[in-house]
Amino acid sequence: MNGIINIYKEEDFTSFDVVAKLRGILKQKKIGHTGTLDPKAQGVLPVCLGKATKVCDLLTDKDKEYEAVLLLGVTTDTQDMTGEVLKENTVTCTEEEARAAIESFVGEYDQTPPMYSALKVNGQKLCNLARAGIEVERKARRVHVYEIEILSVDLPRICMRVKCSKGTYIRTLCEDIGEKLSCGGCMETLLRTKAADFLLEEAHKLNEIEQAVKEGRIEEYIKPIDFVFQEYPCVMIRKEYNKHLYNGNRLPKEACLEWDKKQAEKKYRVYDDKEQFIGIYEWSGDALKPVKMFL
């Protein structure tokens, strides 16, 4: 099977667990996920099958959207409720002060990745070092919080929807907000509602996928590879140029059934004359050159 399944990752499953279980359900080895979710987190986890594993990195780099509950007054070593409580403070801020602090994080800011994360330093995962009681220096990374919508406030808890760039840790955002309010804070719950073009309301639990396999309708749940490239214009290649296309050669504009000079700077979804998706190309000089092939 080649394509992408929008999985609803349930609580207490790791992202690796989801991939392992899908290998058993689908009887297929070549499967990869598109961005780790913490075991306690739930929500959208696009999983790539077969040739679609080539887009795993691309999907990981896409923007995300989350719903999170921030618990003020509690600081933990993991920045969420799974860790050891390091400090508890009385929450004295008003709702207006909490809202102002949260909204101040909209935009770009330098965020220090948490020790309990899958990031590697000198070849070792930070989470493994943290479990061994070792803390290492981490470089702050520029992240972009596009929007924070406060859904409800019942201090010390605040429920919020966050739209952000890749590499943004919502746990760390919660702790940073708590620090700004001088009372500390951590993430109580996390739900990923969107990753790239994959939405929560279209996500499927593993038991649904298993049932679909038993009933012989698994194809209904698999998005085609080109689904993730819909922002690129489509180009069809003339039959006489199919061999060049399959070999990954550069393609002159004469190879295209239609050509719009205005789009000559863009990337394209390229299809053969049978409307089979072949790969992503971009205009370079006087021809289309391959960027990523999916044959």
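What is the volume of the largest pocket?

1. Basis of the note. This is a predicted model, in which local features need pLDDT of at least 70, side-chain atom pairs count only at pLDDT 80 or more, and totals for chains, interfaces and linings use all residues. Residues are numbered from 1 along each chain as its sequence is written, and side-chain values use heavy atoms, with hydrogens and water left out.

2. The largest pocket. Its volume is about 1,100 Å³. Of its 37 lining residues, Thr36, Leu37, Asp38, Ala118 and Tyr169 are the closest to the centre. A pocket is an open set of points, on a 1 Å grid over the protein atoms alone, where a 1.4 Å probe fits and protein lies on both sides within 12 Å along at least five of seven lines; lining residues have an atom within 4 Å of a point. The volume is the space filled by probe spheres set on the points, which are joined across faces, edges and corners.

3. Its lining. Two or more residues each come from helix H1 (15–26), strand E4 (64–72), helix H4 (126–131), helix H5 (170–180) and strand E12 (185–195). E12 gives the largest share, three residues. Helices (H or I, at least four residues) and strands (E, at least two) are DSSP runs numbered from the N terminus. By class, the lining holds 13 nonpolar, 13 polar and 11 charged residues. Here Ala, Val, Leu, Ile, Met, Phe, Trp, Tyr, Cys and Pro count as nonpolar, Asp, Glu, Lys and Arg as charged, and the others, Gly among them, as polar.

4. The second largest pocket. This pocket has a volume of about 330 Å³. Its lining of 18 residues includes Asp77, Gln79, Met115, Glu135 and Arg138, which lie nearest its centre. The largest share of this lining, three residues, is from H5.

5. Helices H1 and H6. The axes of H1 and H6 (residues 206–214) come within 10 Å and cross at roughly 10°; axes are lines fitted to C-alpha atoms over the stretch in contact, and angles run from 0 to 180 degrees between N-to-C directions. The two helices are therefore roughly parallel to each other (angles under 35 degrees). In contact (heavy atoms within 4.5 Å), Val18, Lys21, Leu22, Ile25 and Leu26 of H1 meet Leu206, Ile209, Glu210 and Val213 of H6. These residues divide into seven nonpolar, no polar and two charged.

6. Backbone points. Most residues other than glycine have a negative phi, and most peptide bonds are trans. The bond from Leu155 to Pro156 is cis, with omega near 15°. Asp12 has a positive phi, near 75°, and is found in the loop between strand E1 (3–9) and H1.

Definitions and conventions
Parallel < 35°, antiparallel > 145°, perpendicular 65-115°, else oblique.
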